[in-house]
Structure formats: C-alpha cells, structure tokens
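Today I open a new model and work through it in short entries.

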Amino acid sequence: MTTGGTYDETTPLAREIADITRRRLALQQSDLPLPDAPRVLTVSNQKGGVGKTTTTVNLAAALARSGARVVVIDLDPQGNASTALGVEHRAETPSVYDVIVGEALLDDVVQKSPEFEHLYCVPATIHLAGAEIELVSLVAREQRLRTALDAYLAEQAEIGEPVHYVFIDCPPSLGLLTINAFVAAREVLIPIQCEYYALEGLSQLLNSIKLIERHLNPDLQVSTILMTMYDGRTNLAQQVVAEVREHFPAETLTTLIPRNVRISEAPSFGQSVISYDQSSSGSLSYLEAAAEIAKRGAPA
C-alpha cells in the first residue's frame, strides 16, 4: 500500500479507497443551496424492485443531513419508507390514509424521524391498501393529497419553519394513489435499475405523466432520472446507463448508485444508509446524488 513513504494507488483496492476519500472531501467542501420554494418530488416507477423507496429515504436523509427541512410522504401501503425512517406505522397510527380520506390534516399525522434533526415522515399504514377503492367515490379524488400538502406547506412557511423538499414514495402501480402523488408534485424522479429490461414500461409511465400534465397538473415534469444497482464490472450495466443517457441526457444524474450491501442492510435497522454507515460507497453515492439534485435546482 505504501512505497517509500508515499501512498501507492496501483492496486484496485488502493485506487478505490483513494477515490472514495477524494469524493468525500469534495462533498465536505461544498455547501448545498436551499431552494427558494418547496420542491415536491414524486419518486415513481411502476416496475418493482428498482429502488424507489431506498432512493426516497436516502435522498431525503442526505438533504436533511445538509440542513434542509425534508418531509417524506409514504404513499405505499407496504410502509417501507416509514420503517426505514424509524417512525411508528402500526394500524392504529394516524397516517396519510386519514389525510387522503379527509379525516385529518397533514400536520396531524407527520412524525419526526430519529434519523436527522430536520427529517420528517408522513407514515403509511395497512389501511392505505383500501384507499384506492374508497377514493373512487370521493369528490376531487385526484386532488386530495395536493390540497392537504399545499395547506401544510403554507402553514409551515407562515410559522417560520419552511419545508425545502417533499419526497412522495409511490406504490409500484399507476392507480389513484400514484395519480394523487403526480398531482401533488411538481417534479418526477424516476429510479431506473441498471439491468436488462430497465426501460421496459418506462414509455407507459412517461405517457401517464403526460396525461396528468395535460389534464390535472400542468406544472408536472420529469426532472430527474437516477440509475440504481449499478455494477461497473458488467458490460450490461454500462450499456444500460449509456442508453438511458442517450434518451434522457438532461434528466439523468451523473451519479450512479452502486450495488452495495450496506444499502440493503440499513432498512432492517430502521435507518437510512446515510446514518447506518456514512463511510460506505452506497452512502457516499446517495450524498452525491442529493448534492447534484440540490445544485441543479428546480427546473424552470
């Protein structure tokens, strides 16, 4: 590892350690700008297993760690984002379900996450599984979440505690819950797995987003695409990244999220990888992705 008292970067392990050290120093030396107005991002991809919840939780934790006030809305009945952020979401817990059916305000159900000082979560409970059916008969069924969220953001700004980012974790479907998320958001963040069939179904998702934009939310646009589960040792992963960047050059982040065991372990401890193991490559990559999102700012 050392030659004549100097650091030797000729071995793969040494090069990797040196690269991680450089990246960590670069992050420490940069201050992330806070947005002038709340940025509301829906994290969506109807293809399962692409890292939606993992991305939601870790980007939120990374931005909260930098000093931003961040709220995660768990809109998936499985409640995985609630688990990862360490908040209560048993059946009797006031949740986003109560907000959507009109029985509670968002401020009544939001919980502070033990992860970071400025990180909050609106939990999901098992009751959310039946919300799709209940929403069908409700007035303004597509606007329920947006109405509640806009009121909450205005209230927080009024009391001098403005929210900087809202991340909405969607279920892996294009039902009424996901439509509520699209209507409530201004930006869509799409995680794409660096594997075969990565782009399968993406055109359907993009068409759905265009329909929402045309009929329900003219401010909605795909602002961010994040490549997840990247394994640089395979030609396939490199080909998928190249293909996505060819089709979406402006939206695709430079940062790639690697396959990393620490990312997979963190939720079982009720934590994000940002707090579970800050020294891991997975944590570093999500910190870099968060920094890139913050520096890009909201699209015009």
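Entry 1: I looked up the strand order and found an open sheet of eight strands, 5-6-4-7-3-8-9-10, with mixed pairing. Strands here are DSSP runs of E with at least two residues, helices are runs of H or I with at least four, and both are numbered from the N terminus. Two strands pair if DSSP finds at least two bridges between them. The edge strands are strand 5 (111–112) and strand 10 (252–258), and each pairs on one side only.

This is a predicted model, in which local features need pLDDT of at least 70 and side-chain atom pairs count only at pLDDT 80 or more, while totals for chains, interfaces and linings use all residues. Residues are numbered from 1 along each chain as its sequence is written, and side-chain values use heavy atoms, with hydrogens and water left out.

**Entry 2: strands 9 and 10.** In which sense do strand 9 and strand 10 pair? I noted the parallel sense, over three bridges, with strand 9 covering residues 221–230. Methionine 227 stands opposite leucine 256 in strand 10.

**Entry 3: helix 2.** I followed helix 2 (residues 52–65) next. Helix 2 lies across strands 3, 4, 6, 7, 8 and 9. Its angle to strand 7 (165–169) is about 165°. For such angles, axes are lines fitted to C-alpha atoms, for helices over the stretch in contact, and the angle runs from 0 to 180 degrees between N-to-C directions.

**Entry 4: tyrosine 286.** I found tyrosine 286 in helix 13 (residues 281–296). Is tyrosine 286 buried or exposed? I wrote down buried, at a relative accessible area of 2%. Buried means under 20%, exposed over 50% and partly exposed in between (1.4 Å probe, protein chains only). Leaving aside neighbours within four places in sequence, tyrosine 286 is in contact (heavy atoms within 4.5 Å) with residues including Thr54, Asn58, Leu226 and Ile257. The C-alpha atoms of tyrosine 286 and valine 57 are 9.9 Å apart, though 229 residues separate the two along the chain.

**Entry 5: aromatic rings.** Rings of Phe, Tyr and Trp (its six-membered ring) pair if their centres lie within 6.5 Å; planes under 30 degrees apart count as stacked, over 60 as edge-to-face and the rest as tilted. By this rule I get two aromatic pairs. Tyrosine 165 and phenylalanine 167 are stacked because their ring centres are 6.3 Å apart and their planes are at 20°. Tyrosine 165 is buried at 1%, and phenylalanine 167 is buried at 0%. Phenylalanine 269 and tyrosine 276 have ring centres 5.1 Å apart and planes at 25°, so this pair is stacked. Phenylalanine 269 is exposed at 52%, whereas tyrosine 276 is partly exposed at 21%.
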